[in-house]
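Take a look at the model, then read on.

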Amino acid sequence: MNLSVYNDIRNFIGGSFQPTRSGNYIDNINPATGELTGKVPDSNEKDVAEAVAAAQKAFPQWAATPVEKRFRLLNHIAGLIDEHLDELAVAETTDNGKPLWLSKKMDIPRAAANFRFFATGIMHFASESHNTEDKFINYTLRQPIGIVGCISPWNLPLYLFTWKIAPALAAGNCVIAKPSEVTPLTAYLLSHICKEAGLPDGVLNIIHGAGNIAGEAIVKHPAIRAISFTGSTRAGERIASLAAPKFKKLSLELGGKNPSVIFSDCDWEKMMQTTIQSSFRNQGEICLCSSRILIEESIYEKFKKEFTERTKQLKVGDPMEESSQQGAIVSKVHFDKIIRCIDTARQEGGKILCGGNPVKLAARCANGHFIEPTVVEGLGPDCQTNQEEIFGPVVTLQPFKTEEEALHLANATRYGLAATIWTQDVSKANRVAIKVESGIVWVNCWLLRDLRTPFGGVKNSGIGREGGWEALRFFTEAKNVCIQI
Ligand code: NAD
């Protein structure tokens, strides 16, 4: 299979590759070079309606397909993703600006792992039965919902796209999926992979386009009965307002403003190395990145000095080069937003300890969008910089005196996605983990993922959980059957 089809992105509807009915296209720009790499269909409700018709045609047979056959197909897709690791990684980096080594090490292998995990998961998925005093017995069927919508963001493009699609398909649903219009390439390549794997026509349909047009058309379509969305809290609010009156099942994985709580008894070197990663990995464009670093007062000055020195050493460079630790910011729009946030931090009285400026690279990357990893101190918990998600290579430092104060600061935002705690005291780690308002807590580590665990946020970071049985439960309807004995 030749995946060198970057310039001609098409929708994948009913097993065929189609131009959009709208006739409109969005420019696809490589953020590391500023070059136009291709055109993205700016699809509308007509494309979505065609995709839904194809999915409706495919659904009865797909829902009735034995799980072992679904397993084989999805496992085959995983294998093909592995086989095409190099092309997919180049596509991901071209679209997103992240270092190529990261696409190869994290994004693409995880996309294959998602398919493999849910391919095998559906073979083990079981439902409950309840025996009532030998008088009657209830058993619960877990049936596919029908047609479901999966909408994903640009920061981990294929990784998050497949994290939704794989469980939805494994559970027997037909899917209308939309990747971010900013990073469409790997989703488009996935449609070729699914064709090659022999996934029946109409089971997976991939629509490209803008959130407010194609995305909303998916959310509004009456035949799409569930929406799994990952993206900003702002878009999540809008989607919830459209879907709730239609009683659609909703899973919303939204923004974060994650605290990293560092106590003086931590394993210093491990904490330092990991906190550099949790702050700046993927240019800070991971929803799980720590953006507010809370440090026990007795080690604040030591932490500040060493963390700032190590941050300054991070190499921002051409994402195609192995030595680049930071690549490009995903788009000009997002670059401008991050620069505005750094200006706001200055206006609020924050002191920029390092970074704070765009990086100008030469040659191929002269027109790319790069920003220095930035560390800010001197801001209180209520200012905009510590309240609003920046989603870039910018972190703030705040000192705390007691465990109570650390918890107060950690919980002082409307978000609650992921928290990281650094201490060697198991009891303290447990106390803080219990009280921190967060869907995910890492103790003395960050971003270790077991795909069986529940994944998601509290407060404005979303509703619902992905991963493991949670995902298979989301993508099925429970039906109870009661039989008198
Ligand atoms: P975004 O909300 O702008 O877009 C996400 C997706 O939703 C895109 O495909 C977009 O086209 C679509 N969309 C936008 N508006 C829509 C609407 N009204 N109706 C339907 N679809 C719509 O987010 P982004 O800028 O692509 O991604 C960054 C955000 O995603 C950050 O806030 C980040 O924290 C969040 N995120 C969260 C998680 C998580 O697991 N909680 C993971 C990754 C990213």
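**Reading the model**

Q: What makes Pro144 part of a strand?
A: Pro144 is found in strand β6, residues 136-144. Helices (H or I, at least four residues) and strands (E, at least two) are DSSP runs, numbered from the N terminus. This is a predicted model: local features need pLDDT of at least 70, side-chain atom pairs count only at pLDDT 80 or more, and totals for chains, interfaces and linings use all residues. Residues are numbered from 1 along each chain as its sequence is written, and side-chain values use heavy atoms, with hydrogens and water left out.

Q: Which residues does Pro144 touch, not counting residues up to four places away in sequence?
A: Pro144 touches Phe59, Ala63, Ala171, Gly172, Asn173, Phe475 and Thr476. Contact means heavy atoms within 4.5 Å.

Q: Where do the domain bounds come from?
A: They come from an automatic or database domain assignment. The protein chain is divided into domain 1 (3-254 + 461-484) and domain 2 (258-450). The contact between them takes 28 residues from domain 1 and 32 residues from domain 2.

Q: What makes the area between domain 1 and domain 2 "buried"?
A: Buried area is the accessible area (1.4 Å probe) that two parts lose on being put together, summed over both. Between domain 1 and domain 2 it is about 2400 Å², and carbon and sulfur atoms give 58% of that. Trp101, Trp154 and Ser461 supply 23% of the area that domain 1 buries against domain 2, more than any other three residues.

Q: How many salt bridges does the rule find across the interface of domain 1 and domain 2?
A: The rule finds 0. It asks for a side-chain nitrogen of Lys or Arg within 4 Å of a carboxyl oxygen of Asp or Glu. Polar contacts do occur: the count between domain 1 and domain 2 is 9 residue pairs, both at pLDDT 80 or more. On the side of domain 1 that touches domain 2, α3 (85-96) and α4 (100-124) each supply at least two residues. The largest share, 6 residues, comes from α4.

Notes. A polar contact is a pair of N or O atoms within 3.5 Å; within protein, one must be able to donate a hydrogen and the other to accept it, and residues adjacent in sequence count only if both atoms are side-chain atoms.
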